[in-house]
Amino acid sequence: MRGLVTMVQRLLAIVGKELIEVIRRPGALVSLVFGPFIIMALFGAGYGGFRRPLETVVVVPPGSSIPTDAASYQKLAGTGLHIAAVVQDAATAEAGLAAGTTDVIVITPADPAASFKAGQQSVIEVVVDTIDPIRADYANYLASNLSSAVNQAIITRAVEEGQGIALADGQTAAAKIPPEVVAAPTKASLRNAAPTEPRVLAYYGPAVLALILQHLAITLIALALVRERTSGVIELFRVAPIKAGEVIVGKVLAYLLIGGLIAALTITLLIVGFGIPLLGDPVSLAAAIALLLLASLGIGLVVAVISDSERQAVQLSLLLLLASVFFSGFVVAISEFAEPIRILAYALPVTHGIRLIQDIMLRGSTTQLWEYGALMLIAGVTLTAAWLGLRRGMARA
Amino acid sequence: MTEQAGPRDAVIVEDVVVRFDDQVALDGVSMTVPTGSIVGIIGPSGAGKTTLIRLLTGVLSPTSGTLSVLGEEPRRFRRETREGIGYMPQSFTLYPDLTVRENVDFVASLFGMLFFRRRRRTREVLQLLDLWDVRRRRAGKLSGGMQRRLELAGALVHDPALLFLDEPTAGLDPLLRTRVWDELRRLRQAGRTLLVTTQHINESEECDLVAMIVEGRLIALAAPDALRRQAMGGDLIELETKERFDGMALAGAPEILRVRQDGPRQLTLTVEDAGTATPGVVAAIETRGGSVETVRELHPSFDDVFAALVANDRKTRAARADEATTDSQSAPAAAA
C-alpha cells in the first residue's frame, strides 16, 4: 500500500514540477497559450481561401473583327481572370508580363468567325510567365475555361444566325431550341451532402489546431527530457527510487494537461471567434485530441531519447513539423502520394488528428474509427520505445 | 532520528577496476566502510573520487571487482534500499526554475517521503543550511555557494541511512563548512554512514577513516592519526633543549625511530607513540647531559600528510619498477 502511495506521490511530484517549469518560463507560456491563438487569429483573419483574379491583358490584332471592349471579355472570362485592358500591340502586353504587372496575356485570333465559317480551328494563345507549377496549371485551367466560353459564344452566335436564316425560310421548328442550349446542352449542378457548407477557415482551422498541438507536444516534452539529461538531473533519477516508467508517465500526464488546456482554449476561439461549428460530441472530440496528444508526446519522448542536445531535439521537432505540413494531408491530399510515402503520412499523429477533428467538428461524427486505433498504435509504439530508451539511458553509464 | 540497524560494514569494495576506453579510472580499489562512520575520500582532481562515489550509488558499473552497499550490489538496489541513500553530486543538477523549497520538496517526494514529514524535513534542512530565508527564490538565482547548500539539502532531506556527498563543502565559507561538518557528525552519531569526497584535505581530520586516492589507486585507508603516523613513519615530537644538544647522541635510544636536528637546541624526533614515548625521550636526553626546556607533540597538517603519502607511494612504486627491471634483466643471464 505504501509503495502505491509513494508511486502516486512521485508521479504527482513530476507532474507538478513540469507544470511549474512551464509556467515559470514567461516566453514559453506566451508561445504556448498565446502562440496558437495568434496563429489561428492571423490565419482566420488573413486567409480568405480565394485566389486573387489574375491580371489579364487581351491582345486583339489590328483590323480584327472581334470586340475590343474589356467588358465583353470579362463576361466570358468569369471571376478567375481580371481583364485589365484590351490592347492591339502584343509587345506592350509582354512588357507588362515581364514587369510583373500582368499575369496572363490572351492573344485572340485575327478573325475567328471567318476561320469558323471556313471550317478551320482558331487558336487563342495564352501567355504566362511563372515558375510555379500550381500557378501555371491554374492559368491553363482558366485559359481552357475562357476558350470554352469563347467557343460557346461563337456557337451561340452561329446558331442564332442559322436560326435567323431558318426562320426567314419559314422553318419555325428549327428555331424552337434556344441557341444557348444548342451551344451547351448540359450544365453541372453540384449538391454537397456534407452537413456544413465548405468554408476555408472551417476546413483549415481544425487542421491548424491538430498541427499546433502535435508540434507543441513533441517540442515541449522533448526539450523537458533532454534538458534533464544534459543538465545531469538524470543522475538524481538514477540514484533515487524512481523508475523510467514513472518519469515517462509523470511527464506525459503533465503535458497532456497542458496540451488539453491549450486545445480547449483554441477550440473555444475557433467556435466563438470564427464561427466554426462543433457538430459532434465534445467527448469524441476530447478523445481524439487526447489520443493525438498522447501519440505526439510519445514521438517527443523518442526524439528526447535519441537527441544528445537541446539543439538536436529542436531540429528533429522542426523536421517533424515540416514532414507533417507536407505529408499529413494539410497541404497536399494523401491520396496524391505514392504508397510507401503514404505509410510515412499515416505514421504521423497529425494525419489522423486532422481527419478526426475535422470530421467531428464539421460532420458531427467520423466513419473513420480506425484513425483512433492508429493514434493508439502510434502512442503505444512510441511510448514503449521511449520507455526502453530511457530505462537503458538511466541504467547505462 | 533513531539508530538504524544494518550490516556491520555499510560498504564493501573488493578489487574494483573501472576503465573508460583505454583509461583506468580506478585500479584495484578495495575498502570497507563501517556502518555509522564518516569516511573521507581525498585525492587530487581527477584521481577517481567521483568515479568511486558513482560506482557506489549504482550510477556506474565496475569493469571488474565486486561491490556491496547496504548488503546489495548497487546496480541492483531495491527501491527500499534506494530510499535509504542520499546522494549529492559534484555539479548542480537541480531545477533552476523551481524555488529552493520546491526543489527540496521534489527530491523528498522522489525518495518516498509523505506530505507532512516532507514538509517538516524540508523546513528543517533549509533552516540547517541557512536557506530558509531564500526558500521562495528560484534555484537559478542563487549564488554558487547557495546552490551547493541546496544540493546538500536535497541529499539530506529524506534522512538517509547512507550518504554519498561529492564535495559538499566546495564553495562554502569556513563558518558554513563548520556547520555542515557539525551536521555530518550529528548524522554519524545517529548511526548514519557518510562517504564524503573533499578537496579541502584538512577536512580529513573530521572523518573516522580517510581513503586517499591517487591516479585511481587507493594508496591509504586509515584513521586520520594512523594515516599521519603512516606518512611520517610514526608520531613526531618537537623539543627544545636549554643548551646546545647534538641529536646524534640519541642514536640507539629506545623508542626513538629518527632524529632530525632543526637547530643547535631544536630537535624533531620520530617515535612510535608520542603519548607513551615522551617521558622516555626526556629521560634519554637528560641521561646524555641535556636538559629539555619545551616538548610537544607535532601535528603535521593533512596537506603535509597527503604530500608525504604521495611521495612515499611514488618511491615505493619506483622501487618496485626498478626491482622488476632488474629481475627481468637477471633472469636471462641466470638462464644462460
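This is a predicted model: local features need pLDDT of at least 70, side-chain atom pairs count only at pLDDT 80 or more; totals for chains, interfaces and linings use all residues.
Residues are numbered from 1 along each chain as its sequence is written, while chains are lettered from A and ligands numbered from 1 in the order in which they are written.

1. Helix 6 of chain A (residues 133-168) has 36 residues. From first C-alpha to last, helix 6 of chain A reaches 52 Å, close to the 52 Å expected at 1.5 Å a residue (the expected span is 1.5 Å times one less than the number of residues). Helices (H or I, at least four residues) and strands (E, at least two) are DSSP runs, numbered from the N terminus.

2. The buried residues of helix 6 of chain A are A:Ala139, A:Leu142, A:Ala143, A:Leu146, A:Val150 and A:Val159. A residue is buried if 20 or more other C-beta atoms, placed from the backbone, lie within 10 Å of its own. The cover over these residues includes strands 1, 2, 3 and 4 and helices 3 and 7 of chain A.

3. Helix 8 (residues 200-231) and helix 11 (residues 282-306) of chain A pack at an angle of about 35°, with their axes 7 Å apart. Axes are lines fitted to C-alpha atoms over the stretch in contact, and angles run from 0 to 180 degrees between N-to-C directions. The residues of this contact divide into 16 nonpolar, four polar and no charged. Here Ala, Val, Leu, Ile, Met, Phe, Trp, Tyr, Cys and Pro count as nonpolar, Asp, Glu, Lys and Arg as charged, and the others, Gly among them, as polar.

4. A:Arg10 lies in helix 1 (residues 2-24) of chain A. A:Arg10 counts as buried because it has 23 C-beta neighbours inside 10 Å. Leaving aside residues up to four places away in sequence, A:Arg10 touches A:Ile242, A:Glu246, B:Ser109 and B:Leu110; contact requires C-beta atoms, placed from the backbone, within 7 Å.

5. The contact between the chains takes 23 residues from chain B and 20 residues from chain A. On the chain B side, the largest share, four residues, comes from helix 3 of chain B. By class, that side has eleven nonpolar, seven polar and five charged residues.

6. Strand 11 (residues 256-261) and strand 12 (residues 266-271) of chain B pair in the antiparallel sense over five bridges; pairing requires at least two DSSP bridges. A hairpin of four residues joins strand 11 of chain B to strand 12 of chain B.

Notes. Two residues are in contact if their C-beta atoms, placed from the backbone, lie within 7 Å. A residue is buried if 20 or more other C-beta atoms lie within 10 Å of its own, exposed if 12 or fewer, and partly exposed in between; C-beta atoms are placed from the backbone.
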